[in-house]
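Please look through the model below with its pocket, its helices and its cavity in mind.

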Amino acid sequence: MSPTTELVVMNGVNKHFGDLHVLRDIDLTVRAGEVVVVIGPSGSGKSTLCRTINRLESLDSGTVVLDARPLPEEGRDLARLRADVGMVFQSFNLFAHKTVLENVMLGPVKVRRRGKAEAEARARVLLDRVGVAGQADKYPAQLSGGQQQRVAIARALAMDPKVMLFDEPTSALDPEMVNEVLEVMQQLARDGMTMIVVTHEMGFARRAADRVVFMADGEIVESGTPEEFFAAPRTDRARDFLSKILSH
């Protein structure tokens, strides 16, 4: 893929929950290898934006195109395309009755139709990459929150996704575990993974983002490089948000 490949293109995306207009005419293009961090106050539509990219939330209007293919409404085509989008949630969503290794192997074997030996070898490499190789035979309940979230990242990577979505991946973690997860994410960014990250971690946004997208009231209010956004936000809404966040 050339550096200019448009991997995710959202055009005129609208989403309502009842009377609530959660996403308002969202236009967002993410290029291959780009790290886009989405920030904004609670209720601004950040998580919904993330979830529409792989149709965990349906659209009321607008389009989402992934790697030059429109996102199908449903069925096998959607499942195939969704396999190209790794997703890491606030809650780790690991299968409690399967070991760490089995959790990471499951997708490649069931969806990608890989052989068990190949899937296991790849899973062990990924668990090592996220720093939990020694936990392979344990069950999720035996791990700390930070370890479980790193397993969830390895599980998403095992599908060889074209883009990774992170929806508040550290918000359910104890403060001392946040950095271990952010470090794994920063390494992914350095390795060239295309990432869309919804987070409240401003330090991560400064260090890892190519672009910061600021949302409020269901709209993208502004976007720019971390240097531009944090040093000189263009809108009152962004200035107000940053003054509150950075004063804590």
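Which residues lie nearest the centre of the largest pocket? They are Arg82, Val85, Met87, Arg155 and Met159, out of 20 lining residues. A pocket here is an open set of points on a 1 Å grid over the protein atoms alone, with protein on both sides within 12 Å along at least five of seven lines, and lining residues have an atom within 4 Å of a point. The model is predicted, with local features needing pLDDT of at least 70 and side-chain atom pairs pLDDT 80 or more, while totals for chains, interfaces and linings use all residues. Residues are numbered from 1 along each chain as its sequence is written, and side-chain values use heavy atoms, without hydrogens and water.

The largest pocket holds about 550 Å³ of space, a volume being the space filled by probe spheres set on grid points joined across faces, edges and corners. Helix H2 (75-82), strand S6 (85-88), H3 and H5 each give at least two residues to its lining. Helices (H or I, at least four residues) and strands (E, at least two) are DSSP runs, numbered from the N terminus.

Arg155 belongs to helix H5, residues 145-157. Arg155 is buried but forms no salt bridge, and Glu102, the nearest side chain of opposite charge, is 12 Å away. Buried means under 20% relative accessible area with a 1.4 Å probe, protein chains only; a salt bridge needs a side-chain nitrogen of Lys or Arg within 4 Å of a carboxyl oxygen of Asp or Glu. For charge, Lys and Arg count as positive and Asp and Glu as negative, with His and the chain ends not counted. The Arg155 side chain does reach the backbone oxygen of Asn93, at 2.8 Å. Beyond neighbours within four places in sequence, Arg155 is in contact (heavy atoms within 4.5 Å) with Phe92, Asn93, Leu94, Asn103 and Val104.

Val104 counts as buried because its relative accessibility is 0%. Leaving out residues up to four places away in sequence, Val104 touches Ala123, Leu127, Val151, Ala154, Arg155 and Ala158. Other buried residues of H3 (100-110) include Val100, Leu101 and Met105. The cover over the buried residues of H3 includes helix H4 (116-129) and H5.

The whole structure has one cavity of 30 Å³ or more, a cavity being a set of points where a 1.4 Å probe fits but cannot get out. The largest cavity contains about 40 Å³ of space. Its lining consists of Arg129, Val130, Leu157, Val184, Gln187 and Leu188, and helix H6 (residues 175-190) supplies the largest share, three residues.

Definitions and conventions:
Buried < 20%, exposed > 50% of the residue type's maximum accessible area, 1.4 Å probe, protein only. Polar contact = N/O pair within 3.5 Å; in protein donor to acceptor, adjacent residues only side chain to side chain.
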